[in-house]
Amino acid sequence: MAKEKMLRHSGLVRLVHWSIALSTFTLIITGMFQLPLAKRYFIDQLPGLSWTADYSSTVLIHYIAAAVLLSAVSVHIVYHVIRKEYNLIPKKGDLKESYQIIKSMFGLCEEPKSDKYLAEQRLAYAYMAFSFLLILVTGVVKVIKNFPAMHFSATFISWVTNIHNLATFMIIFGIFAHLVAFAIKANWPLLPSMFTGMVDLEYAKHRHSIWCMKSAVGKEKKHQPKYSIGR
Amino acid sequence: MGKLHKIKGVGKVSNISRRSFIKRTVAAGAASGIILSGANKIAGASESGSDKVGTLIDLTKCDGCKGQKVPACVSACKSKNESRFPEPVENIQNYWPQKKHENWSDKRDLTKRLTPYNWTFVQNVKVDGKEISVPRRCMHCDNPPCVNLCPFSAMEQTSEGTTQVNPNVCFGGAKCRDVCPWEIPARQAGVGLYLKVAPKLAGGGVMYKCDLCYDRIKIGQNPACVEACPKGAISYGAKSELKKAAYEKAKEINGYVYGDKENGGTATFYVSPVSFETIHEELEKQKASQPNPEAPGFPTMPVQVGNFLDSANGMASALLLAPVATAFAAGITAYKTMKGKEEE
């Protein structure tokens with residue numbers, strides 16, 4: 001018998017997630033190739049990678065990926081603000097709760113009950129949101145400064161460049177931590193939800209009991225089935 | 001010659017604002033430079049309301065200092081900037097995994113090309129029976145790709161419109177040279193910040209090029225090459241006035257202007273009695289006969305060459321508008337789903 005499932009991420013949320021993931025990956029790669037790496041380290045000699053040494057190609061791809069990322073981020077913000085969905089915003093006590101979650105992984109204590117997102121996920125979101133804010137704002141300034149009519153002071157541009165470069169490494173670290181989280185078995189049931197949107201109901205009840213309870217209350221209030229059964 | 005270029009009122013700098021000082025400097029420089037070059041009807045730069053500076057190089061006057069071993073502008077540039085020339089470490093490492101590095105420190109006397117020790121030089125071509133000498137160095141572009149695309153912002157465009165390298169920040173990746181239509185900046189290995197990081201693995205030295213003697217123009221003096229030219233072939237002053245003068249001179253001699261349309265506009269205007277297409281062709285031939293034709297440092301003169309950022313800037317508006325459009329669509333979607341919920 002198929003397991004009962006529960007909707008965790010809508011189609012739009014998944015689209016935004018994967019648009020951000022793919023554009024960010026593209027931006028990191030093409031951003032790295034804004035440095036004179038390809039020719040020096042013979043990367044452009046590898047099959048299919050001759051374009052990496054062509055700054056005019058890499059900068060154009062960087063711009064296109066930036067447009068996708070900016071669009072996805074703007075959808076994310078506008079959509080959830082209008083719907084008043086703030087599940088991922090960190091709450092008071094999240095640091096302590098994250099510590100408890102980590103301790104529980106080693107069997108040192110019981111895992112605290114969680115809402116739709118774990119405390120550590122909310123903290124990770126804040127870190128990533130801040131990093132993306134830095135890179136997007138500085139990136140937009142960098143695009144504007146390239147227009148012929150624009151002129152900014154060297155000091156300002158130097159700050160913008162350095163913050164953009166620093167934020168790149170902050171994001172790379174964040175993505176690394178995000179992926180490492182899936183090395184932990186307890187997080188595995190969350191993986192399919194990023195593709196199908198659905199998560200096992202039993203898992204949700206066990207680990208995200210506050211969220212399940214809220215959903216159940218919402219279901220009673222609106223007489224609307226929240227669970228998708230038997231997928 | 002030098003005295004004629006001297007600007008009155010330099011001693012009063014402390015009593016005037018920087019902006020007005022530069023305006024006066026530019027006005028004086030333009031007037032003196034253009035008077036020397038033979039052009040007339042030059043209005044003061046202050047009238048144009050612009051602080052941007054530029055140079056006019058009159059190829060009807062420049063003869064490459066015939067008879068002299070080194071042209072006067074080249075000698076003046078070298079002696080003025082000598083204290084800024086690189087002093088690399090003794091054992092310069094290769095740019096791993098490449099088996100080479102750029103070292104000009106043992107060729108400091110080269111004056112027939114651009115090197116880290118020679119920031120201007122004169123090219124000589126023979127076109128339609130006419131001998132043309134072309135002083136070459138950084139054009140100081142209006143929208144310089146070298147400045148815009150440096151990954152560490154080690155290059156700067158000053159408010160006067162000149163461009164310069166910050167040798168303390170430059171890592172020597174030479175991207176500025178790759179995106180310059182004339183491949184002007186020259187690299188010296190074994191010097192600069194990269195030595196303090198991972199000299200074998202990353203970085204390549206420091207880039208060097210003309211900064212239009214920024215320290216001199218800031219105190220009201222002309223660039224060294226302008227001062228030194230015995231023919232008054234190089235004029236320095238307000239860019240707008242020099243541009244006007246360049247076109248007037250070109251009209252007068254039925255000649256051509258180079259530098260106004262190239263790379264989206266520059267602060268250097270060449271006036272020539274022969275077309276720059278033909279000069280470019282000759283220079284290409286000379287470049288091909290260089291010991292290493294692929295090597296930068298011997299710029300040609302491609303007419304109306306585009307700016308490296310033209311395509312990127314062309315789509316930048318779309319880049320900035322895309323999130324606005326998608327945010328609008330997201331707003332409608334969010335509103336519809338909420339409305340749907342309420343109705344249910």
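Student: What share of the contacts in chain A with a separation of 6 or more do residues 24 or more positions apart account for?

Tutor: In this predicted model, such residues account for 70% of those contacts in chain A. The corresponding value for chain B, among contacts between residues at least 6 apart in sequence, is 63%.

Student: What elements make up chain A, and in what pattern do they follow one another along the sequence?

Tutor: Chain A has 7 helices and 3 strands, and the pattern reads β-α-α-α-α-α-β-α-α-β. Its C-alpha atoms fill a box of roughly 60 × 40 × 35 Å along the principal axes. Of the 231 residues of chain A, 27% count as buried.

Student: Why is α1(A) called roughly antiparallel to α2(A)?

Tutor: The axes of helix α1 (residues 11-32) and helix α2 (residues 55-82) of chain A come within 8 Å and cross at roughly 150°. Angles over 145 degrees count as roughly antiparallel, so α1(A) is roughly antiparallel to α2(A). The crossing of these two helices is left-handed.

Student: Which residues make the contact between α1(A) and α2(A), and how do they divide by class?

Tutor: From α1(A) the contributors include Leu12(A), Val16(A), Ile20(A) and Leu27(A), and from α2(A) they include Ile61(A), Ala65(A), Leu69(A) and Tyr79(A). The residues of this contact divide into 13 nonpolar, 9 polar and no charged.

Student: How do you know that the peptide bond from Trp96(B) to Pro97(B) is cis?

Tutor: Its omega is near 0°. Most peptide bonds are trans. Pro97(B) sits in the loop between α4 (72-81) and β2 (121-127) of chain B. Chain B has 11 helices and 10 strands, and 49% of its 344 residues count as buried.

Student: What makes up the side of chain B that touches chain A?

Tutor: In this interface, 39 residues of chain B are in contact with 35 residues of chain A. The elements α5 (145-149), β4 (155-157), α6 (175-179) and α11 (310-343) of chain B each supply at least two residues of that side. The most comes from α11(B), with 18 residues. By class, that side of chain B has 22 nonpolar, 12 polar and 5 charged residues.

Student: Where in chain A is the pLDDT below 50, and why should that stretch be read with care?

Tutor: Chain A averages a pLDDT of 84, and 92% of the residues score at least 70. Over residues 223-231 of chain A, however, the pLDDT is below 50, while the stretch has 18 contacts in the model beyond near neighbours in sequence. Where pLDDT is low, the predicted coordinates should not be read in detail.

Conventions. Residues numbered from 1 in each chain as written. Chains lettered and ligands numbered in written order. Predicted model: local features only at pLDDT ≥ 70, side-chain atom pairs only at ≥ 80, totals over all residues. Axes fitted to C-alpha atoms, helices over the stretch in contact; angles between N-to-C directions. Helix = DSSP H or I, 4+ residues; strand = E, 2+ residues; numbered from the N terminus. Parallel < 35°, antiparallel > 145°, perpendicular 65-115°, else oblique. Left-handed = near helix turned anticlockwise from the far one by under 90°. Contact = placed C-beta atoms within 7 Å. Nonpolar A, V, L, I, M, F, W, Y, C, P; charged D, E, K, R; others polar. pLDDT = per-residue confidence, 0-100. Buried ≥ 20, exposed ≤ 12 C-beta atoms within 10 Å, placed from the backbone.
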